[in-house]
Amino acid sequence: MALRRKLHTLRTLTSSKSVKMSSIVMDAFLYIYKLKLKLEAIKREYLKLINYTQEVKVEKINGKGFLVRVSCKKGQDLLVSILEAFEDMGLNVLQARVSCNHGFGMEAIVEAEDQALDVRAVTEAVLKAIEKPGGDEKHVKA
């Protein structure tokens, strides 16, 4: 009787239409195999998302200042690339916090020398700096 109840439970969980014990067990194996494949696909997608996650938020503060928040996976020379982008745009860094524990994170308050800069231009420049490969040869000291 206990075996019959367990088979009925197994049949219900796996949505099996079979009546024979061997068919119910095979349906359960197939169901478990499909779940395993789905789990592997989810793990692959999760790892892909972790590796490519990046976020850049820029907010306008006071007259010509910006609050820049950057978070992304670890990368070589990200801070240098971002600071070079600020310099190229004529942005002066007034205050910055950087973290490299589980990825790269930066929060900076920058001030523009030129009033014409907008949030979109600063965001695009920072994204471009993140995407460019690090280690420019011109900055390597002999």
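**E107 and its partner**

I looked up E107 and found a relative accessible area of 26%, so E107 is partly exposed. The model is a predicted one, and I read every value below with that in mind. I then checked what E107 pairs with. E107 forms a salt bridge with R97, and the closest N and O atoms are 2.6 Å apart. This pair links distant parts of the chain, since E107 sits in strand β4 and R97 in strand β3, ten residues apart. Is R97 buried or exposed? R97 has 54% relative accessibility and therefore counts as exposed.

**The network**

E59 counts as partly exposed because its relative accessibility is 36%. R69 also counts as partly exposed, at 33%.

**Another salt bridge**

How many salt bridges does the structure hold? I noted five. One of them joins the side chains of K57 and E55, at 3.8 Å from N to O. K57 has a relative accessible area of 43% and is partly exposed. E55 is at 40% relative accessibility, which means that E55 counts as partly exposed.

**Strands β3 and β4**

I went back to the two strands that carry R97 and E107. Strand β3 covers residues 91-99 and strand β4 residues 104-112; they run antiparallel and are joined by eight bridges. At one position I found L91 opposite A112 of β4. The two strands form a hairpin with four residues between them. In the turn, G103 has a positive phi of about 150°.

**Surface patch on α2**

Next I looked for nonpolar residues on the surface. L3, M21, V25, M26 and F29 form a nonpolar patch there, with about 510 Å² of accessible area together. Which element gives the largest share of this patch? Helix α2 (residues 21-52) does, with four residues. I picked out M26, which lies in α2. M26 is exposed because its relative accessibility of 54% is over 50%.

**The whole chain**

I then stepped back to the protein chain, which has four helices and four strands. Along the sequence they follow the pattern α-α-β-β-α-β-β-α. The chain has 142 residues, of which 26% count as buried.

**Confidence**

Last, I looked up the confidence of the prediction. The chain averages a pLDDT of 84, and 88% of the residues score at least 70. Which elements have the lowest and the highest mean pLDDT? Helix α2 has the lowest, 88, and strand β3 the highest, 93. I marked residues 135-142 separately, as a stretch where pLDDT stays under 50. For these residues the model has three contacts beyond four places in sequence.

Technical notes. Residues are numbered from 1 along each chain as its sequence is written. This is a predicted model: local features need pLDDT of at least 70, side-chain atom pairs count only at pLDDT 80 or more; totals for chains, interfaces and linings use all residues. Side-chain values use heavy atoms; hydrogens and water are left out. Patches are made of residues with over 30% relative accessible area and no salt bridge: like charges are joined within 9 Å, nonpolar side chains (Val, Leu, Ile, Met, Phe, Trp, Tyr) within 5 Å. Accessible areas come from the Shrake-Rupley method with a 1.4 Å probe; for residues, only the protein chains shown count as cover. A salt bridge is a side-chain nitrogen of Lys or Arg within 4 Å of a carboxyl oxygen of Asp or Glu. Buried means under 20% relative accessible area, exposed over 50%, partly exposed in between (1.4 Å probe, protein chains only). Two strands pair if DSSP finds at least two bridges between them. pLDDT is the predictor's confidence in each residue, from 0 to 100. Contact means heavy atoms within 4.5 Å.
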